[in-house]
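Here are my notes on the side-chain contacts. Please read them with the model open.

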Amino acid sequence: MTPQYYKIYGNAFFKVLAYVDSGVIKTRTTSPAAPLIDHFTKDMVSIFNDQYPIKLTSDTLYFSTWMPPVPSQAFDRLVDSQMKSMISETAWKLGIPASTIPDQVTISITEECPNNCIHCALPDTKHKTNLSIPVVKDIINQIVRLGTTQIIFDGGEPMVYEGLEELVAYVPEEAISTVFTSGSGLTSSKAQALSTAGLYAVNVSLDSPHEAEHDRIRGRAGVFNEAMNAIGYCLDAGLLVDIYVVIAPHNIYDLDAFYDLAVDMKVHELSFYEIVPTGRWIDHEKEILLPQHRVILDEFASRRHGGPVKIFSIPQIMDVTGCFAGRRWLHVTPQGDVLPCACVPIPYGNIYNDPIKDIWRRIQKTGIYRAKSCLMRDRKFRDRFIE
C-alpha cells in the first residue's frame, strides 16, 4: 500500500517528504542528489524522524501544538524561515552578523488575571493594562510581515479579554494562533467560539497533577477544576490541547503523574518548560532545576516516548538548538514593551514608538541572544541587567 506523503520542503530541484509508518513519522528525499541534500537538511528532518504525530487525517499531519499543520501556508513559511535561520547561524559562526526571523511571538493582551501564581513572569504593575484590539491587530500585521508563523495570546489570563475571538479570527493563514490559559473563564461556549474563529491549539497551564497543590501554586482555590473543565470543553470543540507544565524542584517528581493525567484527559500533548528566575520567581535563583533533576526529566521523556500522549520537552530541544529568546522568539507586554522573550524583562523598544521590525533588528544587533541556555539563569547576566 502506497503511504500518504506530506511535503516538508520542496523546490525545483528536490522535495523532502514525510509519511507515517506504523504510527511513526519517517522522511525521504526525492532527488538524484538525495545523499547530499539529506546531509544539508538533516537538522530540519531530525525534528520529524521517528516521532509520533499528535493527530493524523487523510490529508493533514499534525506534528505538534507548537507547529503549523502539514501541509499549510503557515508550515511552508516556517520551513522557509528555518532554512534562512540555518544560513544565519552559519554566518554568525563565521563572524558575520545576520538576522533571524521571530517565528514565535507571544502577545500579552492583558494584565488582568484572577490567579496569583508564585512564578508568574508578568510584572505586578497593578494597573490591569490591556492592549486594545486595533493595537493587537497592528502587531499581528507587523509580525506576520516579519515572517512569524505562530502567534500566542497570553496574559494575565486571556480569557477575561473582551474580543479574543476577534483577534484569533484576524490571524491570517500565514500563521497559526494559540492561547495560553489557566482555564479560568474558558467555558464551553468560549471554546466553541474560539474554535469557530480558527484557533489552532490551547495550552492549559498546570503546576501540579494534584488539585490542592496546583491551587496553592496558583494562589486560588478551584483553579485546578477550572483547568480540567477547560480541557474537556476544548476537546469537545475540536481544538488541539496541550497541558503546559513549568517544571521546578517542587514538581519534578510528579512527571509520571502529569503524564497519567494527560492520558486520562485525552489531550494531544504534554509540554515541559524549565522554571526561570524571573518575575515573581526572580529571587529564587537557587530554586531551579539541578543536574540531577534534568536526569529525571530526560529519563522520563525517553521512557514515555511513543505513548498515547506526545511529550514536548523544551529543555531537551534547547540542549540542541540553544535558547530561542531574541533569536526565534519575541514577546510583547500589555504596556507595549518588546522583549526577547517573556522571561527576559529587558525592553528594546515599545510598539507605540517604534516599528517592531526596527526593535527586532535592535535585538539582533546586540549579538547577545545566541546563548546555549536561558540567560536569566546566568547570574552575571541578571546582575548586569536586572536592578
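The points below cover aromatic pairs, charges over rings and salt bridges.

1. Ground rules. This is a predicted model, in which local features need pLDDT of at least 70 and side-chain atom pairs count only at pLDDT 80 or more, while totals for chains, interfaces and linings use all residues. Residues are numbered from 1 along each chain as its sequence is written, and side-chain values use heavy atoms, with hydrogens and water left out.

2. Aromatic pairs. The structure holds 15 of them. Rings of Phe, Tyr and Trp (its six-membered ring) pair if their centres lie within 6.5 Å; planes under 30 degrees apart are stacked, over 60 edge-to-face, and the rest tilted. Tyrosine 62 and tyrosine 200 have ring centres 6.3 Å apart and planes at 25 degrees, so this pair is stacked. Tyrosine 62 belongs to strand S5 (residues 61-62), and tyrosine 200 to the loop between helix H5 (188-197) and strand S9 (201-205), so the contact ties together parts 138 residues apart in sequence. Helices (H or I, at least four residues) and strands (E, at least two) are DSSP runs, numbered from the N terminus. Tyrosine 62 and tyrosine 200 are both buried. Buried means under 20% relative accessible area, exposed over 50%, and partly exposed in between (1.4 Å probe, protein chains only).

3. Tyrosine 348 is in the loop between strand S14 (338-339) and helix H11 (356-366); tyrosine 369 is in the loop between H11 and helix H12 (379-385), so the pair links parts 21 residues apart in sequence. Tyrosine 348 is buried at 13% relative accessibility, and tyrosine 369 is buried at 3%.

4. A cluster. Which residues form one aromatic cluster? They are Trp66, Phe180, Tyr244, Tyr273, Phe312, Phe324 and Trp329.

5. Charges over rings. The criterion is NZ of Lys or CZ of Arg within 6 Å of the ring centre and within 35 degrees of the ring normal. Tyrosine 62 has the charged end of lysine 55 over its ring, 5.2 Å from the centre. For phenylalanine 63, the charged end is that of lysine 310, 4.1 Å from the ring centre.

6. Salt bridges. The whole structure has 16 (a side-chain nitrogen of Lys or Arg within 4 Å of a carboxyl oxygen of Asp or Glu). Arginine 377 pairs with glutamate 274, with the closest N and O atoms 3.8 Å apart. This pair links distant parts of the chain: arginine 377 in the loop between H11 and H12, and glutamate 274 in strand S11 (residues 269-274), 103 residues apart. Arginine 377 is partly exposed at 26% relative accessible area, whereas glutamate 274 is buried at 11%.

7. A bridge between helices. Arginine 294 and aspartate 319 form a salt bridge at 2.7 Å, N to O. Arginine 294 lies in helix H9 (residues 291-304) and aspartate 319 in helix H10 (residues 314-321), so the bridge joins parts 25 residues apart in sequence. Is each end buried or exposed? Arginine 294 is buried, at 15% relative accessible area; aspartate 319 is exposed, at 53%.

8. Aspartate 358 and arginine 361 form a salt bridge at 3.8 Å, N to O. Both lie in helix H11, three residues apart, about one turn. Aspartate 358 is partly exposed at 30%, and so is arginine 361 at 47%. Elsewhere, shared partners join Asp256, Asp260, Glu299, Arg303 and Arg304 into one salt-bridge network.
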